[in-house]
Every structure is written in structure tokens, then in C-alpha cells.
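Biologist: Could you walk me through this one from the start? I have not looked at it before.

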Amino acid sequence: MNKTVNHKAWFLVLPVLVLVAFSAVIPLMTVVNYSVQDTFGNNQFFWAGLEWFDEMLHSDRMWNALGRQLMFSGIILAIEVPLGIFVALNMPKSGFWASFCLVLMSLPLLIPWNVVGTIWQVFGRVDIGLLGRTLESLGIDYNYTQSTLAAWITIVVMDVWHWTSLVALLAYAGLKSIPDAYYQAAKIDQASRWKVFRYIELPKMAGVLMIAILLRFMDSFMIYTEPFVVTGGGPGNATTLLSIDLVKMALGQFDLGPAAAFSIMYFLVILLISWVFYTVMTNLDKKGM
Amino acid sequence: MAKITLDNLAHSYMAHPRGEEDFALKQMTHDWEDGGAYALLGSSGCGKSTLLNIISGLLIPSQGRVLFGGQDVTHAPTAERNIAQVFQFPVVYDTMTVHDNLAFPLRNRGRDEAYVAERVQEIARMIGMEDQLRRKCSGLTADAKQKISLGRGMVRKDVNALLFDEPLTVIDPHMKWELRTQLKKLHHDFGHTMIYVTHDQTEALTFADKVVVMYDGRVVQIGTPEELFERPEHTFVGYFIGSPGMNVIPAKVEGSRAYINGSNFDLGTGYRAMEGKVEIGVRPEFARLSQTEGLPVKIRRVEDAGRHKIIRAEFFGHDINIVAGEDENIGPDMTRVRFDPAHVNVYRDDWRVAPEGEAA
């Protein structure tokens with residue numbers, strides 16, 4: 001069969017190319033452009049090569065932010081995953097209360113992020129906040145604007161409040177897919193409650209839990225709005241996570257070069273995690289889980 | 001091991017059953033003899049699995065009692081009853097090896113490892129999986145998984161009863177025979193009480209000493225395979241057992257004669273006068289085509305089943321089946337059918353009526 005060669009066909013994909021170019025490629029290339037140049041103002045730029053990358057890789061500031069970021073993600077995963085599983089295990093399996101619990105648990109997921117931040121910002125204030133006032137009247141020293149520990153507790157509890165539902169709902173879906181016969185067989189085999197969890201429920205939930213963990217990891221790794229609204233990264237730099245630090249550097253100090261290099265490395269890390277996510281998921285699918 | 005007694009047992013899945021039709025299991029009293037091999041036969045939804053789950057304690061009956069060797073266990077949890085049960089679809093613990101799966105019920109009861117290893121070997125030999133003991137269960141085929149489920153059911157020696165809930169549905173035919181033979185052998189060797197739920201009559205008849213036929217939440221007949229064949233107590237038993245099932249034809253019975261649309265034939269024995277819906281039941285094996293004798297019949301179709309022929313015919317507006325020998329010639333001149341009087345049963349409102357003189 002003869003192929004008809006008509007290069008005008010390229011015009012048909014042009015709209016998409018233009019769209020993608022303006023929405024993704026050009027902005028990204030701007031960042032790449034800034035990351036390899038330096039300026040002394042007056043819109044005059046000089047070639048800087050990989051200098052900014054080198055500087056960022058040796059910057060304590062970035063490593064500290066990364067350390068705080070990993071600690072934050074680690075803590076919220078360590079709380080949200082077991083707590084989510086626990087909630088899912090104790091939810092009613094059917095009937096009115098099952099629907100009621102599902103709606104109740106979906107509520108935090110539906111609240112816009114900056115609203116979540118505002119809610120907790122107000123909730124925790126020692127002058128007018130319900131939580132802050134209560135704790136203070138109990139004689140507990142809680143002030144998230146001054147104490148590092150209080151600030152961390154506030155943003156961690158806020159994230160747990162906001163996102164544990166997601167883990168619980170996914171785990172619940174996994175649990176619901178287990179046929180009754182498994183529980184009956186376990187009773188016949190005289191398996192303890194722990195063994196039922198360990199050998200029936202956990203393996204059947206493994207697939208959805210993997211999704212939950214990766215989703216929560218990626219989301220928390222990129223978190224910006226909520227902690228920014230509550231603590232603004234403070235006290236000091238105590239809650240300055242990667243995104244918050246990046247915004248400070250780029251928009252606060254207007255250090256475009258370092259911030260651009262920082263952005264690109266941040267982006268690559270996220271890309272890497274997405275790739276791991278994808279690979280793990282497709283392998284799980286192959287194993288039929 | 002113990003005799004299992006069901007005392008005035010009934011079960012409804014509704015919280016407030018109003019009438020009898022709300023009960024999945026109608027009231028029944030029944031003994032399962034210690035060491036018996038029973039098959040629980042019936043079509044889907046007749047209450048077989050409900051009954052089994054009540055015996056194993058997975059379900060608490062709405063009323064009545066369950067006794068093991070005279071002891072009331074109605075509200076005792078499954079673990080205390082010491083029962084093994086195998087389900088229709090394979091249940092294996094995916095993350096464990098085959099060996100650990102088989103060892104699971106023993107380990108949960110704290111048996112020592114030497115004993116566990118010995119039993120697992122024995123059972124693995126029985127189900128033909130000795131060479132796969134070390135592998136994980138997750139990638140196995142459905143029938144391999146079901147063999148493991150069966151093995152887990154059989155691994156404990158001291159169970160009160162072994163319950164099987166249609167366990168061979170997913171197994172391929174060749175393996176079915178082999179496993180059924182193994183189960184029979186196991187029963188023979190250890191004398192466990194076994195209750196085997198199935199809707200496959202061949203499976204029921206080859207496995208059990210006694211077959212319990214259930215219909216619409218009720219036990220309609222308990223008997224040896226021979227009794228079920230010769231004297232079905234309920235038209236359902238006649239229809240469900242046998243291939244094809246019993247012919248059931250509305251008739252009028254007066255004394256020792258049956259009248260169908262004016263024609264009549266001899267029943268051999270006399271019956272008392274009866275009211276209600278009266279039918280006669282004749283198995284296809286006991287009906288013979290003839291050129292001259294008997295009642296008129298119109299042959300519609302002859303099917304060759306290999307060892308015998310099945311004739312589908314019309315008899316006073318009713319469909320009937322007749323079984324003829326493979327070497328019999330069925331010609332168009334065969335316009336009459338004769339029933340063997342010794343094998344004609346009379347039914348009133350679907351239940352068999354004993355003829356005069358037979359101990360009812």
C-alpha cells in the first residue's frame with residue numbers, strides 16, 4: 001500500500017503543541033534558563049553554568065529543609081497509615097452507620113487546603129483559639145508561634161486530621177473486597193485476631209495500602225499551603241519545609257538562579273518518586289494483587 | 001467425635017420473621033450419627049449451606065438447639081466445637097507457603113512442631129502436593145488452592161465432624177474422582193462424621209452412606225441411595241435424583257387402580273381414598289414402550305445416551321421420559337407405554353402415600 005505523504009498533516013497537531021508549550025515546556029525552560037545564569041540587576045544576565053546547582057548541593061539551608069521535609073513526611077506516614085488501618089478495621093461493614101462514617105470521613109478531604117490551614121491557625125491560637133485557650137488554661141505551655149515543638153505538633157496533627165481519612169477509605173475498600181469465607185475459614189482454623197489481620201487482611205490490603213502510602217508521601221513531600229498558613233515556616237526556620245523554603249528564596253529574596261536550580265532538583269526528586277510509584281504499581285498488577 | 005443432634009432447629013435471616021416462608025431453614029429435628037458419611041443434597045438456595053454453617057457455629061440459629069454428643073453447643077463459638085469445614089471457593093493464606101497453610105490449624109492449637117511436620121507430610125501426600133510444600137500459595141491455580149483448603153480441613157485428626165460445602169466445584173473432573181476417593185478412604189480410616197453439601201447427585205450418591213435431600217428449607221428425605229431411587233418420599237426427590245428424573249403425572253387413584261384421563265391401569269396394591277392433589281410417580285427406568293400393552297403415548301424424540309436410550313414422549317398432554325436398552329428397537333408402531341406396578345409411587349400434595357399393608 002502506498003502511503004500518502006502530506007506534511008500539512010503536521011498542522012493538525014499544532015494546537016496541542018502550542019498548548020503544551022505554553023502550559024508546560026516554556027515555563028519549565030524559563031526555570032532552566034534562570035538556573036544557569038546570574039544577574040546583577042538591570043535585566044542583564046551572565047552565563048553561570050552549573051554554579052547554582054553546585055551551590056545548592058552544598059547549601060546547608062537546602063539540606064536542612066530537605067531533612068525537615070523527610071522528617072515531616074516520615075512522621076505523618078507513621079501516624080496516618082496505622083491509624084487509617086485501625087479506623088478502617090473498626091468501621092461498620094454495612095448499613096446506615098457505614099454510609100454515615102464514609103460521609104463523615106470524606107469531609108476533611110473536601111475542604112480547600114488554605115481553609116484547613118486557617119481553621120488550625122485559628123483553632124490553635126492562644127488568645128482566641130479553642131485548642132490554644134483550652135491548653136493554656138490547663139497550664140500546658142502551647143504556643144505554635146514560639147515553640148518549635150508546638151509548631152510541629154500543630155502541623156502534624158493538622159495533616160493527620162486532613163488526610164488520615166484518605167488512608168482509611170482506601171484500606172476500607174481493600175477490606176470490603178475480602179470474601180466472608182476467609183473469615184469463616186479463619187474461625188474454623190482457630191486463628192487469633194492478630195493472625196486474621198496478619199495473614200488475611202493485611203495481604204489483601206497490600207495493594208491499596210501501597211497506593212495510599214505513595215500518594216501520602218508525594219503529597220506531603222510537596223506540601224506548602226497548610227503549614228504556610230499556620231506557621232509561615234516558623235518559629236525561625238523550624239517548620240520551613242522544601243516548598244516554603246523555595247518560595248522564600250524565589251519570591252522573598254528574589255534569588256532567581258539558586259531558586260531555579262533548587263526547583264529543578266526538587267522536580268527531579270518528585271519525578272523519581274513518581275517513577276518508583278508507577279513501577280511498584282505495575283509490578284503489583286502483574287502479580288495480580 | 002460425637003453424635004450431632006439438631007433439636008427443633010430453624011433459622012431465618014430476618015430479624016422478625018412473620019411466617020414460615022420467612023425461614024431459610026424450616027423447623028427440623030435430626031440426628032447425625034457419629035461416624036456417618038452424609039451427603040446434603042438439594043438445589044441452590046434450599047438451605048444446605050445455612051444448615052452447615054449452623055452446625056459449624058458460623059451462624060447462630062433463630063430457634064432450637066445444636067447438641068454435640070448430648071452437650072448443648074448452640075451458642076458456642078466455632079473454635080470450641082472443634083470442627084473442620086471446607087468452603088466452595090478456595091481459601092488459602094496467600095503469603096504463607098503450602099506447608100505453613102497446612103500447618104496453620106495445628107499450630108493455632110499449639111501442637112508441637114514434630115507432630116505438625118509429620119501430619120503435613122501425610123496430608124501433602126494425600127492431596128498430591130508433596131513436591132510443592134516450600135512454595136508460596138499466591139501463584140497457584142484454583143484447583144491447587146482448593147486442594148490446600150481440603151488438606152487444611154483434614155489435617156486435624158481429632159475433629160468432631162468434617163463439613164464440606166460443595167468443595168469440588170472448582171476442581172477438574174479427573175481430580176474430582178481422585179479427591180472424592182481420598183475423602184471416602186479418610187472416612188473409612190478414621191471414622192469422622194462427614195457432612196458433604198452438594199447439588200450434584202452423582203457426587204452425593206458415590207460419597208455418602210446416607211443422603212439427606214433438602215427442598216425449600218426442609219429435609220424431605222433421608223435414606224440410602226437405593227431408597228431414594230426406589231421410594232422417593234417427595235416428588236422433588238424423585239425429580240432431583242435420577243437422570244432423567246421421575247415422571248410425575250396427575251391421576252386419580254381408587255383402590256388399586258389409577259385413572260388418567262379416563263384410561264386406567266393396575267397399581268398392584270390398594271390405596272385408601274385420598275383428597276387433594278394426587279399424582280403418580282414412575283421412574284423412566286420402570287416404564288416400557290410396547291406395541292399393544294398399556295396406555296397410549298406419542299414419541300417425540302429418541303436420544304442415545306450411549307449405554308441406553310432416552311425417549312421423550314407425550315402422555316395425555318404431559319411430557320414423560322422413558323429409558324430403553326441400547327439394543328432395543330424403537331419403532332413408530334410403539335404407541336403404548338406400560339409402567340411396572342411394583343415401582344409406581346403415589347403422591348398426595350407432593351408427599352408419598354404408603355399403600356395399604358406397607359408399614360408407614
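Modeller: What follows goes through the chains, their contact, and then the strands and domains.

Modeller: This is a predicted model, in which local features need pLDDT of at least 70 and side-chain atom pairs count only at pLDDT 80 or more, while totals for chains, interfaces and linings use all residues. Residues are numbered from 1 along each chain as its sequence is written, and chains are lettered from A and ligands numbered from 1 in the order in which they are written.

Biologist: Where does UniProt place the transmembrane region feature in chain A?

Modeller: The unreviewed UniProt entry puts "transmembrane region" at residues 12–36, 70–89, 96–115, 149–175, 196–218 and 259–280 of chain A; positions are in the numbering used here, feature names are shortened, and such annotations may be inferred rather than shown by experiment.

Biologist: What is the chain doing over residues 70–89 and 196–218 of chain A, helix or strand?

Modeller: Residues 70–89 of chain A are 100% helix and 0% strand, with end C-alpha atoms 28 Å apart. Residues 196–218 of chain A are likewise 100% helix and 0% strand, and there the end C-alpha atoms are 31 Å apart. Helices (H or I, at least four residues) and strands (E, at least two) are DSSP runs, numbered from the N terminus.

Biologist: How many residues of chain B are in contact with chain A?

Modeller: 19 residues of chain B are in contact with twelve residues of chain A, where contact means that the C-beta atoms, placed from the backbone, lie within 7 Å. On the chain B side, the elements giving two or more residues are helix H2 (78–81), strand S6 (83–86) and helix H3 (98–108). That side of chain B has eleven nonpolar, five polar and three charged residues, counting Ala, Val, Leu, Ile, Met, Phe, Trp, Tyr, Cys and Pro as nonpolar, Asp, Glu, Lys and Arg as charged, and the others, Gly among them, as polar.

Biologist: And chain B as a whole, how many helices and strands?

Modeller: Chain B has nine helices and 22 strands, and its C-alpha trace spans about 75 × 50 × 35 Å along its principal axes.

Biologist: Take strand S3 of chain B: are its faces covered or open?

Modeller: Both faces are covered, with B:Ala37, B:Ala39 and B:Leu41 buried on one side and B:Tyr38 and B:Leu40 buried on the other. In a regular strand the side chains alternate between the two faces of the sheet.

Biologist: Which strands does S3(B) join?

Modeller: S3(B) runs parallel to strand S8 (residues 193–198) of chain B, with five bridges between them, and B:Ala37 stands opposite B:Met194 there. S3(B) also runs parallel to strand S9 (residues 210–215) of chain B, through four bridges, with B:Leu41 opposite B:Val213. Two strands pair if DSSP finds at least two bridges between them.

Biologist: Changing topic, what domains does the assignment give for chain B?

Modeller: Domain 1 covers 4–240 and domain 2 covers 247–353 of chain B, with bounds that come from an automatic or database domain assignment. The centres of these two domains of chain B, taken over C-alpha atoms, are separated by 38 Å. Seven residues of domain 1 of chain B are in contact with eight residues of domain 2 of chain B.

Notes. Two residues are in contact if their C-beta atoms, placed from the backbone, lie within 7 Å. A residue is buried if 20 or more other C-beta atoms lie within 10 Å of its own, exposed if 12 or fewer, and partly exposed in between; C-beta atoms are placed from the backbone.
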